[in-house]
Amino acid sequence: MPASPAAAAPKAAAANTPDIDRSLPAHLPRDAQVHRPEATSAHHDTAGQPCGCTACGGRLRQIGQDVSEQLEYVPAHFKVIRHVRPKLACTCCQTIFQTAAPSRPIARGVAGRGLIAHVMVSSYCDHIPLYRQSGIYARDGVEIDRSTMAGWVDQGDQLLDPLVAALGRYTVAAAKLHADDTPVPVLSPGLGKTKTGRLWVYVRDDRPAGSKDAPAAWYQYSPDRKGEHPQRHLKAIKGVLQADACAGWTRLYDAGHVTEAACWAYARRPWWDLYLSTGKAEDSLAAQALRRIAALYAVEKDIRGQPPDIRWAQRQARAGPLLADMHAWLSSLVGRVSAKSELAQAIGYTLVRWQALTRYCDDGRIEIDNNAAERALRGVALGRGNYLFMGSDAGGERAAAIYSLVETAKLNGLDPEGYLREVLGRIADHPINRIDELLPWNITKERQAQRQTVQPHTVGAKAA
């Protein structure tokens, strides 16, 4: 329901107030501190403040004011919540009444939902290992052992498992899916060294094609890179899979129910490496290839967010001729370069995957590249540099689950910590057959509905 002109007026006035520092976020609360000049008690204003002139004793009156703003940070703090449940007894029949104990994210645990959410997000979104968090909290006088926090994360993850499963079902039900994987070092039990595990990510995001469907990212862990893992993860998928040249996807394509779409960003990399090796010579073959690929991306920039039919028409008219010319140019180079050179490898990679690379031109739903999945793995790469290794395969599975919720919350414009705090406060008592209600986009819809319910009442109250 749109706000009435009366309700909108204060906001408009605030926006036009010259005292507001427009370089600072307007949504932050303002703490006004009034710095009054020294005055005598010869006179007092309506608030009881002295307003006598120190020069002659006359009354001071305000003729204006200067306002400046300063951005400040209020450190986060711990607190202890005491749950007091009085016992009441009837004076006649001696029946005793007491309300049930409030639900806790971890049964009989001392950690509240906000603390568990903070530990999870600090670890998997802000990439702060648990031992560093322990040191940070100790500076506030709160001693929390790393192993204790690890237990909280583990039990919180078990609580969130049904929600992560629901997120996975939603993600793989897409008609077009992005996929990628990255290595993660994992401690090998009993050997004192690490092995290489794998995190796989599957991203559903059709917003560039004008879709209103909520974006989602679903991560899965495996102890190795065998193709059986993505085949198990995506056994229900039917549609387009956009990925790199990993052999793990091949059997999915061979089965016939998954259509391959390749990534131009991946095909561009060997050309970029060659361009750097030539000292960025603008007349080199690598520079020419990069300019041709840039022209394809220029078309995509113009049609981003448009529906599939418009994207298809624009690609056919503008990108189609560019692709045909590029294919002829690459084919003409095949016999002119050494078969073992890096240049031949760059040409071969593009030509061998030409059909998959150009499939986006014939389907407005498909993207030109797989950057949606690669962006989803950037946080994993940052965390990998901080953690050095994951403690076990179980730790990898736990990381995949929490990464799924954190990244999906971010894709939907939610603060990951606020989202997990709300979910952890509700999920223990939430019906399992309605678990989808706790997915990020449904939480957003619920909040919007609540605001729309409250707003008419508030406006009506002001009018009354």
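Start with two helices: α4, covering residues 146–172, and α14, covering residues 393–411, have axes that come within 9 Å and cross at roughly 60°. That is a predicted arrangement, as is everything else in this model. As for handedness, α4 goes past α14 in a left-handed crossing.

Now look at who touches whom. On the α4 side you'll find Val 153, Asp 154, Asp 157, Leu 160, Leu 163, Val 164 and Leu 167, and they meet Arg 398, Ala 401, Ile 402, Ser 404, Leu 405 and Thr 408 of α14. Sorted by class, this contact has 8 nonpolar, 2 polar and 3 charged residues.

Next, move to α7 (residues 264–277) and α8 (residues 285–303), whose axes come within 8 Å and cross at roughly 150°. Angles over 145 degrees count as roughly antiparallel, and α7 and α8 therefore get that label. Their crossing is left-handed. The α7 side of the contact is made by Trp 264, Ala 265, Arg 268, Trp 271, Trp 272, Leu 274 and Tyr 275, while α8 brings Leu 285, Ala 286, Ala 287, Ala 289, Leu 290, Ile 293, Leu 296 and Tyr 297. The class count here is 14 nonpolar, no polar and 1 charged.

A third pair sits further along the chain. Helix α9 (residues 308–333) packs against helix α10 (residues 342–352) at an angle of about 135°, and their axes are 10 Å apart. This pair is therefore oblique, and α9 passes α10 in a left-handed crossing. From α9, His 327, Leu 330, Ser 331 and Leu 333 take part, meeting Ile 347, Thr 350 and Leu 351 of α10. Their contact has 4 nonpolar residues, 3 polar ones and no charged ones.

Leaving the helix pairs, what about the aromatic rings? The model has 11 aromatic pairs. Take Tyr 202 and Trp 249: their ring centres are 6.4 Å apart and their planes stand at 80°, so this is an edge-to-face pair. The pair also links distant parts of the chain, with Tyr 202 in strand β6 (residues 193–204) and Trp 249, 47 residues away, in the loop between β8 (239–242) and α6 (250–254).

Finally, how confident is the predictor in all this? The average pLDDT over the chain is 88, and 92% of the residues score at least 70. The pLDDT is below 50 over residues 1–16, a stretch with 10 contacts in the model beyond near neighbours in sequence. Residues 459–464 also stay under 50, and for them the model has 2 contacts beyond four places in sequence.

Methods
Residues numbered from 1 in each chain as written. Predicted model: local features only at pLDDT ≥ 70, side-chain atom pairs only at ≥ 80, totals over all residues. Heavy atoms only, no water. Axes fitted to C-alpha atoms, helices over the stretch in contact; angles between N-to-C directions. Helix = DSSP H or I, 4+ residues; strand = E, 2+ residues; numbered from the N terminus. Parallel < 35°, antiparallel > 145°, perpendicular 65-115°, else oblique. Left-handed = near helix turned anticlockwise from the far one by under 90°. Contact = heavy atoms within 4.5 Å. Nonpolar A, V, L, I, M, F, W, Y, C, P; charged D, E, K, R; others polar. pLDDT = per-residue confidence, 0-100. Phe/Tyr/Trp six-rings, centres within 6.5 Å; stacked < 30°, edge-to-face > 60°.
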